[in-house]
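With the model open in your viewer, please follow the stops below in order, selecting each residue as it is named.

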Amino acid sequence: MQSKKVSVIIPVYNTLNYLNRCLESVVSQTYQNMEIICIDDGSTDGSEKIVDEFAAKDKRIIAIHQKNRGESNARNTGLRTATGDYIGFMDCDDWIEPDMYESLVKALEEECADMAIAGFYQEYEDPGKPCIEVQNEKNVEPKRFDGRQLLRYLYERDSYRAFAYMWDKLYKREIVCGDSGEPIFFDESLQLGGDVLYLAQCALNTKHAVYIDRAFYHYLQRKKSGFHIPDLSRKRDHIRAYQIVEKKFEEHYVEPSVMDFIKRIIAYNSSCAAEIAYEQQNQDMLEIFQSIMRNYENEYRRLNASRTEWIKRFDEILQYEI
């Protein structure tokens with residue numbers, strides 16, 4: 001029985017070498033009641049043609065072409081188009097196992113949950129580097145849990161690594177919509193981190209979630225992807241996204257332990273950005289990131305008290321000067 005429709009939103013931008021594998025994995029899903037919304041965000045490498053070719057062969061594919069406005073804008077276009085009971089997201093250089101959406105829909109319906117979460121594989125462009133199935137350090141108990149526990153799983157990153165991203169999940173339509181019934185949109189002012197903010201809002205809207213202890217999603221690590229480009233303004237936006245999450249969670253009185261984990265993430269990301277600023281000899285940005293590190297220093301030290309190498313690295317970066 002596949003009465004519920006799944007909408008999968010895929011922004012597409014200049015991934016010619018990967019797009020066929022991505023789309024083939026979606027159209028080959030064992031769950032058939034789907035609409036696959038491909039938003040070509042101004043591709044110039046032939047990706048736009050691949051989208052049209054797949055749409056011509058499969059009526060479930062909705063091909064949308066627009067000028068380049070960024071990933072968040074493309075996802076928002078997809079949200080405006082989506083009519084499904086459940087919403088999923090994919091990146092156009094990744095791919096999924098054939099029964100991913102069938103398994104996630106089944107879990108949602110059997111457990112009466114709002115969000116279904118599964119694991120993922122970390123893949124690499126280097127053919128000599130093996131794929132890694134990302135594992136949680138701690139067990140997720142029980143299979144179905146409330147929104148309060150979901151927040152712990154999402155932000156206690158070292159212990160629950162499979163929870164960190166938005167694309168290995170399936171969302172009930174109601175949690176990606178506000179009280180008005182209109183979709184919650186991605187923040188287009190953020191060059192990087194729109195997904196961070198979006199997942200946090202969906203988590204706040206979730207009453208119950210369910211976890212499947214199996215990897216379905218293949219996450220490709222590309223050196224030229226937006227996340228891995230050493231662009232300091234993008235790194236600043238990524239940190240700003242977590243700071244917005246911090247403020248939003250304070251307004252919702254999220255428990256202090258979750259807030260501390262958010263602060264630790266901000267401190268860590270700021271230390272990584274400070275390293276890049278130092279390598280690029282950008283004094284202004286180095287001082288900005290070091291200042292953020294100091295603002296969240298107490299939480300970082302307390303939560304990493306047993307990790308002496310992490311604390312040593314953190315202290316060294318705080319001492320960088322140009």
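Start, in what is a predicted model, with glutamine 281, which at 48% relative accessibility counts as partly exposed. Glutamine 281 sits in the loop that links helix 8 (256-279) and helix 9 (283-295), and, although this residue is not a glycine, its phi is positive, at about 55°.

Select asparagine 14 next, in the loop between strand 1 (6-12) and helix 1 (16-27). Asparagine 14 is likewise not a glycine and has a positive phi, here of about 50°, while its relative accessible area of 26% makes it partly exposed.

From there, move to the loop between strand 7 (132-133) and strand 8 (144-146), where proline 142 is placed. Display the backbone here, and look at the peptide bond running from glutamate 141 to proline 142, which is cis, with omega near -10°.

The last stop is arginine 157, in the loop between helix 5 (147-155) and strand 9 (169-172). What is the nearest side chain of opposite charge to arginine 157? It is that of aspartate 158, 8.4 Å away, and arginine 157, though buried, has no salt bridge; the cut-off for such a bridge is 4 Å. Show the side chain of arginine 157 together with the backbone of leucine 154, and you will find that the side chain reaches the backbone oxygen of leucine 154 at 2.6 Å.

Notes:
Residues are numbered from 1 along each chain as its sequence is written. This is a predicted model: local features need pLDDT of at least 70, side-chain atom pairs count only at pLDDT 80 or more; totals for chains, interfaces and linings use all residues. Side-chain values use heavy atoms; hydrogens and water are left out. Helices (H or I, at least four residues) and strands (E, at least two) are DSSP runs, numbered from the N terminus. Buried means under 20% relative accessible area, exposed over 50%, partly exposed in between (1.4 Å probe, protein chains only). Lys and Arg count as positive and Asp and Glu as negative; His and the chain ends are not counted. A polar contact is a pair of N or O atoms within 3.5 Å; within protein, one must be able to donate a hydrogen and the other to accept it, and residues adjacent in sequence count only if both atoms are side-chain atoms.
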